[in-house]
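Work through the exercises below with the sequence and the model open. Each task is followed by a solution in steps.

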Amino acid sequence: EQHALFTAFPLARPWLGAVPVVLRGALISSGQLLGYDGCKTTAKHLEVAQDGPLLHAVASVVAAVAAATFSAPADLIQTRYQTTARREGKGELLSCARNVFAERGLSGFFRGWTVNFSRLVPTFVVGGVIYEQSRRLLGLAYLT
């Protein structure tokens, strides 16, 4: 059990719960990059849209969808791990995941998806458009 590890190595205690946080960050970043780049590349390849602010905004929304979807299971397990499971003295990540699946099935891992998506969209759209337009103002090409 991980609590024995933290008793034996007290300097590791601040890292308790780091696994779901790091995993969540990796999943959000992966979803954002895959969604944004995938949408831009596909739209330009199919000649559906030209590279510009409108495409950047649409690609940012797609990136938010992918990021929210990729990170939803980690978000839910992290929340469970930090609240309910810790109060009940059951601090294992896998037991949190098993409980979610037993209670609600696969769809249980996507509770809160809409809220997460709603939180990510404005940040991704504003950030994506500003970043791409800043590149252009500095004489650099849009991301390809």
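## Exercises on cores, a pocket and cysteines

The structure holds zero disulfides, a disulfide being a pair of cysteine sulfur atoms within 2.5 Å. This is a predicted model, in which local features need pLDDT of at least 70 and side-chain atom pairs count only at pLDDT 80 or more, while totals for chains, interfaces and linings use all residues. Residues are numbered from 1 along each chain as its sequence is written, and side-chain values use heavy atoms, with hydrogens and water left out.

**Exercise 1.** State whether Cys 39 and Cys 96 are buried or exposed.

Solution. Take the cut-offs: buried means under 20% relative accessible area, exposed over 50%, and partly exposed in between (1.4 Å probe, protein chains only). Cys 39 has a relative accessible area of 16%, so Cys 39 is buried. Cys 96, at 4%, is buried too.

**Exercise 2.** Find which residues make up the largest nonpolar core, and which elements supply them.

Solution. A nonpolar core is a set of buried Ala, Val, Leu, Ile, Met, Phe, Trp, Tyr and Cys residues joined through side-chain atoms within 4.5 Å. The largest one has 12 residues in all, including Ile 28, Tyr 36, Cys 39, Phe 117 and Phe 124. Two or more residues each come from helix H2 (18-45), helix H3 (53-82) and helix H6 (113-137); helices (H or I, at least four residues) are DSSP runs, numbered from the N terminus. H3 gives the largest share, five residues. Apart from this core lies another, of seven residues, among them Leu 76, Ile 77, Ala 97 and Val 100.

**Exercise 3.** List what Ser 71 is in contact with, leaving aside its neighbours within four places in sequence.

Solution. Contact means heavy atoms within 4.5 Å. With those neighbours left aside, Ser 71 touches Arg 24, Leu 27, Ile 28 and Asn 116. Under the same exclusion, Ile 28 is in contact with Ala 67, Ser 71 and Phe 124.

**Exercise 4.** Describe the lining of the largest pocket.

Solution. On a 1 Å grid over the protein atoms alone, a pocket is an open set of points with protein on both sides within 12 Å along at least five of seven lines, and lining residues have an atom within 4 Å of a point. The lining has 13 residues, of which Gln 32, Leu 33, Tyr 36, Asp 37 and Leu 143 lie nearest the pocket's centre. H2, H3 and H6 each give two or more lining residues, and H2 gives the largest share, five residues.

Definitions and conventions:
1 Å grid on protein atoms, 1.4 Å probe; cavity = no way out; pocket = protein on both sides within 12 Å on 5 of 7 lines; lining within 4 Å.
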